[in-house]
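Morning, everyone. Please have a look at the model on the screen while I talk you through it.

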Amino acid sequence: MITREQVHELAQFEDPAACAFSFYFQPMTPRNKAHKEDAILVKDLAREAQRQLESKFTSTNTNTSTNINKDKCEAARADLDRIVRLAHDLRGNGARAKAVFACSAQGFWRECDLPPQLSGTQLLVNRHFHLKPIAQLLGAFPSLGVVLVDRHRARMFDLRLGELNEREGFFHPLSRRGRGDGFAGYDGGHAERRVADEARQHFKFVAEFLKDALEKGTFENWILGCQETHWSQFEPQLHPYVSQKLLGRFAAELAHVSREEIRAQAERIFADSQQVRCSEAVRETLGQARGNGRGVTGLRRVLHALELGEVQTLLMGDHYVAQAVECIGCGHLDAHLVSFCPVCGRETRKVVDVAEAILPWVIRHDVELFYVKGDAELDKVGNIAALLRFRSEKKGANSLRSIGDVATNLSLGRQAGLVGRYRGLAGG
Ligand SMILES: [Zn+2]
């Protein structure tokens, strides 16, 4: 599974020769000979990528660059061969998807397993790695705790990218009911009270543990599985902050529930809560934008807000595609297809998919990201919008200088390898 650090590393990567390969492998639904079709598809994709690169290098050929281009082509071919071999070895491994990020000219090769929920197998070559499938899979919550409790036990799991891992377990043995009952009556009642008290202590202990885990950032949200009767005893012990981070609960008997059931229930609750969170974010952003508050819509204003570091939550239509230009000097992105950078005056180059080009920024700057599916309101305002954490300038005081400052900071950050925290892509 991919970690937060690995995603940051991928977001930082850039190959000036545009020979950075991103390969996503989504196994076909298991059926006869599916692996053979997978292998044929990957070979076709590799051939297409090779053809694309060769035509690019021959078109930019001059006498002096011939040898350099030949080297680049060979390095790229080595990556493609390795990807084809890897895809061949993946056959029969239908349970897992895979991603590979490669650029042998810079000695870069990273592989990671993914849950098989990609939109398809694809191979792309560009200056930066293609990170949208990863951003989509990771969703907007970095880590999720799943907790099971009963009166004297608790089990805690992590759920991440479809994988459930057990972290912790508690067992607080109860005094045996009836032990030393003596005469029924006073002593019996006493024993029952003691059992109830021990259960309360246990719930209190688990609640404290959860508060601690949330404060330390072990997970950001959690899901609970327990019996209804236990919930009524556990709930009063939860700190308000812990209750607020609870995404939902499901009925489960700790001693008998299977891992598969826990995973399925937790994923369902998570998906539901994501949908709610996403529609809330869309409503809030558009409302704020209408009132000239902490919301902006449209590519130009969103890019501007990103450069100023104002964006808290970014919303993009699921199939949003738009062109922009990127400055080869300071990295400024501009929605107007200008030939020279309005910030530093250097040349710009065309960015075919701006939604992809902003991902490295989003990853570096603690921005929550949602890909919004079929929202008519968002569609009306251009399928891109952002909720701001603050507004750094008064309306109308649109100074180029401030953009320049931020753009400089961005490039400095890139050089120094400084990375922001991206909620959506955090990891283990
Ligand atoms: Zn510039």
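Start with Lys380. Lys380 is exposed, at a relative accessible area of 66%. Here buried means under 20% relative accessible area, exposed means over 50%, and partly exposed is in between, with a 1.4 Å probe and protein chains only. One housekeeping point: this is a predicted model, so local features need pLDDT of at least 70, side-chain atom pairs count only at pLDDT 80 or more, and totals for chains, interfaces and linings use all residues. Residues are numbered from 1 along each chain as its sequence is written, and side-chain values use heavy atoms, with hydrogens and water left out.

Back to Lys380. Which residue does Lys380 form a salt bridge with? The partner is Glu377, and the closest N and O atoms are 3.2 Å apart. A salt bridge means a side-chain nitrogen of Lys or Arg within 4 Å of a carboxyl oxygen of Asp or Glu. Glu377 is partly exposed, at 37%. Both residues sit in helix H12, residues 376-380. They are three residues apart, so about one helical turn separates them. Helices here are DSSP runs of H or I with at least four residues, strands are runs of E with at least two, and both are numbered from the N terminus.

Arg47 is exposed at 54%. Asp44 is partly exposed at 40%.

How many salt bridges does a search of the whole structure find? It finds 21. One of them joins Arg349 and Glu14, at 3.8 Å, N to O. Arg349 lies in strand S14, and Glu14 in the loop between helix H1 (4-12) and strand S1 (20-25). Arg349 is partly exposed at 23%, and Glu14 is partly exposed at 23%. Glu14 and Arg349 also belong to a salt-bridge network with Arg127 and Glu326.

Now the sheet that holds S14. It is an open sheet of three strands, in the order S13-S12-S14, with antiparallel pairing. The edge strands, S13 and S14, each pair on one side only. Two strands count as paired if DSSP finds at least two bridges between them. Between S12 and S14 there are four. For example, Val325 has Lys350 in S14 as its bridge partner.

Next, the zinc ion. Which residues coordinate the zinc ion? Cys327, Cys330, Cys341 and Cys344, each through SG, at 2.3 Å. Donors are N, O and S atoms within 2.8 Å of the metal, or 3.2 Å for Na, K and Ca; water is not among the atoms, so sites may look incomplete. Why is the arrangement tetrahedral? Because the four donor atoms subtend angles of 96 to 121°, and four donors count as tetrahedral if all angles lie between 85 and 135 degrees. Along the chain, the donors follow the spacing C-x2-C-x10-C-x2-C. Cys327 is in strand S12 (residues 324-327), while Cys341 is in the loop between S13 (333-334) and S14 (348-351), 14 residues apart. Both Cys327 and Cys341 are buried.

Last, disulfides, meaning pairs of cysteine sulfur atoms within 2.5 Å. The structure holds zero. Take Cys103, which is buried at 0%. The closest cysteine sulfur to its own is in Cys19, 6.5 Å away, too far for a bond.

Technical notes. Four donors count as tetrahedral if all angles lie between 85 and 135 degrees; four count as square planar and six as octahedral if opposite donors are over 155 degrees apart and all others between 65 and 115; anything else is irregular.
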